[in-house]
Amino acid sequence: MSEEQITLTFPDGAQKQFPKHITGLEVAESISKGLARNALSISLDNEILGLNEPISRNGKISINTWNTDDGQYTFWHSSAHLLAEAVQELYPDVKFGIGPPIENGFYYDIDFGEKSFGQDQLEKVEKKMIELARKKSEFKKRKVSKQEALEHYSKLGNEYKIDLIEGLEDDSITFYKQGNFTDLCRGPHLPDTSPIKAVKLTKLAGAYWRGDVKSKQLTRIYGISFPKQKMLNEYLEQIEEAKKRDHKKLGKEMGIYMMDPMVGPGLPLWLPNGTVLRRTLEHFLREEQKHRGYQEVITPHIANLNLYRTSGHYPYYKDSQFNPMEVDDEGYLLKPMNCPHHHRIYSNELRSYRDLPVRLAEFGTVYRYEQSGELNGMSRVRGFTQDDAHIYCTNDQLKDEIKHVIELTQFVFNTFGMPVDIHLSFRDDKDEKYGGKNENWQRSQRELNEVADEMGLDYKIVEGEASFYGPKIDFIIRDAIGRQWQLGTVQVDYVMPERFDLTYVGSDNNRHRPVIIHRAPFGSMERFVSILIEHFAGDFPLWLAPVQVKVLPISDDYIGYAQKCADKLKGLDVRVEVDTRSEMIGGKIRDAENSKIPYMVIVGEKEESDSTVSLRRHKQGDIGTFKLEEFLNKVKNEIESRSLPPTYDQ
RNA sequence: GCCAAUGUAGCUCAGUGGUAGAGCAACGCUCUCGUAAAGCGUAGGUCACCGGUUCAAAUCCGGUCAUUGGCUCCA
């Protein structure tokens, strides 16, 4: 092979030779005109390169179009620069921080100095961006020395960029310039601004420089951009769809919960419908745990501070706890955790290795002082109930117990049709914040790995995400519109057994330390219910629906038969209501439909004389006439099997 | 806690300095009806709260509280 040739491997495995220093654009052109037209950047091995950059080595190449994450990344990165250019044109005195692409769009952190920047100004910036994009300004890359870069920004008095440059290697500094805007940037970028056809600046936020509360707060402008106006419209529709599912909106409409200023921020009140939903979930998990060898316990809502001093939670987490209260000269704390209480229950009797594992479960309500700006509907509150359990076992039992806990968690989320991703959160060996013995960490991390492999799980290892006292397994669930939520965790704990001096008597008649597994599949009932509402958009599976069946008599004459149907359903513990209002049938249907009630039973003269019911299913409409007994069986089966709703699409 | 926005009837919202409005819901009466809204009527407000400017404030200004979107935090 001549020195002037390089070999590029395409995603399909095909290899092709090209002259050295060929550009990504030329490679794309060699494949097809269309590809070249749609190309935004290329990826060479794991590096993204601009289309006009020469390629001088062998590697795996892929052409990034809009349909790839890397392509969108490039597109939005350039859009962030375009945003900055527009802002600079309109407000010449501002100082720029950082402006990266993110999962859905991009942002730029900007110091507007003394001037304030409000939402009403966003539209003006959007228009400017489009105007600038149409100029088809090239993104020009330039290598500069550290000295030159520092001089450039000290002239502008921009301390943020200087801060960034000081953290860079001398030889890796590049500037990108489009139009009149020059930015410190690693790149890569689009060849020019013209592909950016549609822009929406979505929100404004304050953001601390480098994420540090002590630093100055900059104004962050979030935006998203697309190569076609139609794509932007579709995106905005999706946002609307997510808004329709918002648990704060549906929670209010469906009577799930309320907030009350007289009660206090972050302290939700569960309304009757919400309570049915929550109790149903609790019953489901409680029964499942009973089968799996858990014992349920109940502990009080406050405890002596000494309990949390022993656990180390006080004063370590003092800032996120409600202030202690003084009772009979002793300090008491509203409980922020259930575990210390459970550890004391464990210690209540002398435990033999024959007793282990001991699995203590509690739907335990805890109180944490969350920052006011952090509160959010039901998903972030100051008083919430954990579906908590602590498993006390020997080191030899750890693997099996972990396996059982993973199985339980998977079973739970499968029931809701939520796919689960698993992260093994290990410690970062370089960090010294972790407690417990090194050998225990090594062993438990190895065993977590082994369990995951033995179960054939698809998992990801995340270093540095472990908690202070042990490695954990995080379950990331995906909801019906593709959003990801971190729910249940499983944590291995070697620290608390030491702190609480937990022991068991082994077969050798000596005292040994048990190991603890903390686990909570739902995490918090409040948060889980909020996610469940959004996942199902309020159209709950029959077994969860607060009102499962509504009986709608055609007129007052059939209220008697309607009541009879309802009584039969009540006999099967079905949650049923009868609509006795003197509305017309269309109105009753409409109201029941809007209340998201799964089954509507319509009864009139025909049904009464034949002992049948005419049935409607939420979102599906009329599904025909059934014998009353047949309907009763159908409902019973659907509840017992915990079927997902028929309109649930995933 | 910080930045920004919002706060008008039970709900959704209109109302840019001159008598506080609509639709839905509620309540009453009439209608007794066959698969997504029957008709008429009644009642409902300290315009979040406190203070200021003004002859006059839902509206302008200041403060407080709450909510929302972010930032930071999250055992």
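Two strands are said to pair if DSSP finds at least two bridges between them. Strands themselves, labelled E, are DSSP runs of at least two residues, and helices, labelled H or I, are runs of at least four, both numbered from the N terminus.

Good morning. The structure before you is a predicted model, in which local features need pLDDT of at least 70 and side-chain atom pairs count only at pLDDT 80 or more, while totals for chains, interfaces and linings use all residues. Residues are numbered from 1 along each chain as its sequence is written, and chains are lettered from A and ligands numbered from 1 in the order in which they are written.

Let me turn to the sheet. Eight strands form an open sheet with mixed pairing, in the order β18-β22-β23-β30-β27-β26-β24-β25. β18 (295–296) and β25 each have a single partner strand and stand at the edges, so one side of each has no neighbour in the sheet.

Within this sheet, β23 (residues 383–393) pairs with β30 (residues 515–520) in the antiparallel sense, over 5 bridges. Here isoleucine 391 lies opposite isoleucine 517 of β30. By contrast, β24 (residues 420–426) and β25 (residues 459–463) pair in the parallel sense, over 5 bridges, and leucine 424 is placed opposite isoleucine 461 of β25. From β24 to β25 the chain passes through helix α14 (residues 438–454) in a right-handed β-α-β crossover; right-handed means that, with the strands pointing away from the viewer, the path from the first strand over the helix to the second runs clockwise.

Next, the domains, whose bounds come from an automatic or database domain assignment. In chain A they are domain 1 (5–65), domain 2 (70–241), domain 3 (257–299 + 338–423 + 495–536) and domain 4 (549–640). The centres of domain 1 and domain 3, taken over C-alpha atoms, are 51 Å apart.
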